[in-house]
Amino acid sequence: MNGFTVKQPGLLTLIQDRGRFGAHNLGLTTSGPLDPLAYDWANRLLGNDADASCLEVSFGGLTLEAEVDTAIAITGARKPCKVNNKEISQWRTNSIKKGDVLELGFAQDGIRAYLAVAGGFDIDASFGSSSTVVREKIGGIHGDKLQAGDFLPCQVNSINSHLKLEEQHQPSYGNQATLRVVKGYQQAAFDNVQQWRFFNSSYQVTERSDRMGFRLEGEVIHSDIVGMLSEGICHGAIQIPADGQPIVLMNDRQTIGGYPKIGSVIHLDTARLSQLAPGSEVRFEAISQEQAHNLHWLEKSRYQRTKPVKA
Amino acid sequence: MAMSIEVAGQDAFIVYFSEQASPQVSSQIQAAVANINAQMAGIIVDMVPSYASLLVIFDLNKTDPFAVRHGLKQAMVGLDAESSGSGELITLPVYYSEESGPDLHVIAECGNISIDQVIEIHQQQEYRVYAIGFAPGFAFLGQLDERIAAPRLSTPREKVPRGAVAIADRQTAVYPSQSPGGWNLIGLCPTRMFNPEQQPTMPVKVGDRIRFEAIDRHRFLELGGEL
């Protein structure tokens with residue numbers, strides 16, 4: 001069988017496609033890549049379908065052995081990447097031969113790298129998606145993160161002319177970000193003083209941040225709400241529990257919850273947040289839903305205009 | 001409170017139907033879901049109906065917030081709770097006992113009634129599926145009789161078995177899989193509430209009506225239950 005054997009799974013490596021949609025009625029979350037921009041580039045460099053299955057490598061420590069001739073691309077967080085102990089570049093296609101050992105070290109800038117293979121990994125979809133949600137035991141190979149000994153099947157492939165994304169287009173992640181927020185939900189229950197505080201102070205990313213939610217620490221924010229009925233939670237929703245510390249809800253969030261929310265971080269910026277290590281600093285900026293819509297299309301058009309070049 | 005359509009996020013609106021949950025409000029929400037499915041197919045990515053609200057997530061690449069708000073307003077016209085039906089009636093068997101429901105005595109003490117009365121009262125009424133969430137297949141059923149309502153445990157259990165029939169405040173539920181949990185356990189149900197391998201995946205959906213029916217230990221095991 002063609003594919004890759006997992007020698008070392010790393011801290012948290014997950015099979016991800018674009019995500020699981022239309023299954024909220026069963027209580028299933030969306031999942032999908034935390035940084036869709038880096039995920040898109042990994043597939044695009046290889047000419048894959050836009051929702052092909054990739055590996056999301058959080059932190060690092062992954063070692064794979066190829067049992068197939070193919071090509072790969074690694075995007076996202078900056079990590080030392082090696083084939084047979086020889087350093088290879090990210091944001092470009094690389095040929096892989098049967099027997100090659102591929103290593104992804106620990107992240108130096110950003111957290112999540114995306115490893116795509118030509119044609120995508122062949123992983124069965126559950127509920128329309130291969131995306132892994134460990135908490136739900138859904139997707140991936142057995143509803144879990146990669147384990148040593150797992151086998152990742154893919155087709156034999158080859159690439160005639162290698163492509164790369166030019167350096168000036170490659171993102172750097174750093175340790176701070178401004179997160180744009182569309183105000184909504186219970187925002188009216190946060191008075192002017194609370195809102196001023198929220199949008200004018202900085203918050204730190206804490207260790208207790210994962211694919212479900214990023215817990216932030218900083219100025220305490222209070223709402224006038226005492227108890228509320230549980231309701232649907234969308235991507236990026238900023239939940240403020242009784243301790244007044246915001247939680248930005250990410251791809252693996254619970255689909256319903258009962259804490260007040262001041263609004264939601266736009267998708268472009270949850271992607272940035274997902275690349276920040278604990279201790280990083282974030283600030284919030286309010287924008288309208290219409291502005292957010294324009295930003296989405298501007299980014300989409302920029303992505304389409306940016307072409308990969310010959311490597 | 002009048003119905004209102006609020007922004008939830010860049011690609012989502014939340015429709016608030018009332019400040020309180022009730023079977024009427026739940027029926028209205030079901031009717032709204034049906035209208036949206038009929039009138040806005042292709043641009044809606046996902047929906048989350050809950051106690052008194054409906055979250056609607058749209059496809060940023062296929063539409064814009066103006067069009068979606070307009071579409072939602074149209075879909076909310078003439079929502080008739082009466083005509084939308086009241087869901088299917090589903091009976092779930094339960095093995096109530098102190099062996100399968102370690103918190104039966106807590107509920108009994110809380111309401112100052114006997115354990116037999118707790119079991120009796122739990123079966124007496126029809127419940128409505130108000131929401132599904134928290135975990136895959138977890139259905140929130142209400143409203144529970146006040147005599148057997150009890151607050152969540154102060155320290156949640158690390159392991160609640162699959163099929164546990166549980167009570168928290170005025171809600172009841174069947175745990176779809178083994179998980180941590182803070183609800184009071186009163187019995188075990190042999191029916192799988194979530195099974196990715198079976199079609200349909202869940203025996204219930206939002207808007208359905210549920211009845212519980214006591215079975216004995218022998219029948220519970222016969223139906224595939226595990227102790």
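Reply: Start with a definition. Strands are DSSP runs of type E, at least two residues long, numbered from the N terminus. This model is predicted.

Me: Where does Asn84(A) lie?

Reply: Asn84(A) is in a loop of chain A, between β6 (81-83) and β7 (86-88).

Me: How do I read its phi angle?

Reply: Begin with the general idea. Most residues other than glycine have a negative phi. Asn84(A) is not a glycine, yet its phi is positive, about 50°.

Me: Is Asn84(A) buried, partly exposed or exposed?

Reply: Buried means under 20% relative accessible area, and exposed means over 50%. Asn84(A) has 43% relative accessibility, so it counts as partly exposed.

Me: How do I read a sheet?

Reply: Strands of a sheet pair through backbone hydrogen bonds, either parallel or antiparallel. Chain A has an open sheet of five strands. Read across, the order is β2-β3-β10-β5-β8, with antiparallel pairing.

Me: Which strands stand at the edges?

Reply: β2 (12-16) and β8 (93-96) of chain A. Each has a single partner strand, so one side of each lacks a neighbour in the sheet. On average, neighbouring strands of this sheet are turned by 25° against each other, direction ignored.

Me: How many bridges join β3 and β10 of chain A?

Reply: Four. β3 covers residues 54-58 of chain A and β10 covers residues 109-117, and the two pair in the antiparallel sense. Across this pair, Glu56(A) stands opposite Tyr114(A) in β10(A).

Me: Which strands does helix α1 of chain A touch?

Reply: Helix α1 (residues 36-45) packs on the sheet and touches β2, β3, β5 (70-78), β8 and β10 of chain A. The direction of α1 makes about 160° with that of β5(A).

Me: What about cis peptide bonds?

Reply: The general rule is that most peptide bonds are trans. In chain B, a cis bond joins Gly142(B) and Gln143(B), with omega about -20°. Gln143(B) is in the loop between β7 (139-142) and β8 (157-160) of chain B.

Me: What kind of peptide bond joins Gln199(B) and Pro200(B)?

Reply: A cis bond, with omega about -5°. Pro200(B) lies in the loop between β12 (184-188) and β13 (209-214) of chain B.

Conventions. Residues are numbered from 1 along each chain as its sequence is written. Chains are lettered from A and ligands numbered from 1 in the order in which they are written. This is a predicted model: local features need pLDDT of at least 70, side-chain atom pairs count only at pLDDT 80 or more; totals for chains, interfaces and linings use all residues. Side-chain values use heavy atoms; hydrogens and water are left out. Two strands pair if DSSP finds at least two bridges between them. Axes are lines fitted to C-alpha atoms, for helices over the stretch in contact, and angles run from 0 to 180 degrees between N-to-C directions. Contact means heavy atoms within 4.5 Å. Buried means under 20% relative accessible area, exposed over 50%, partly exposed in between (1.4 Å probe, protein chains only).
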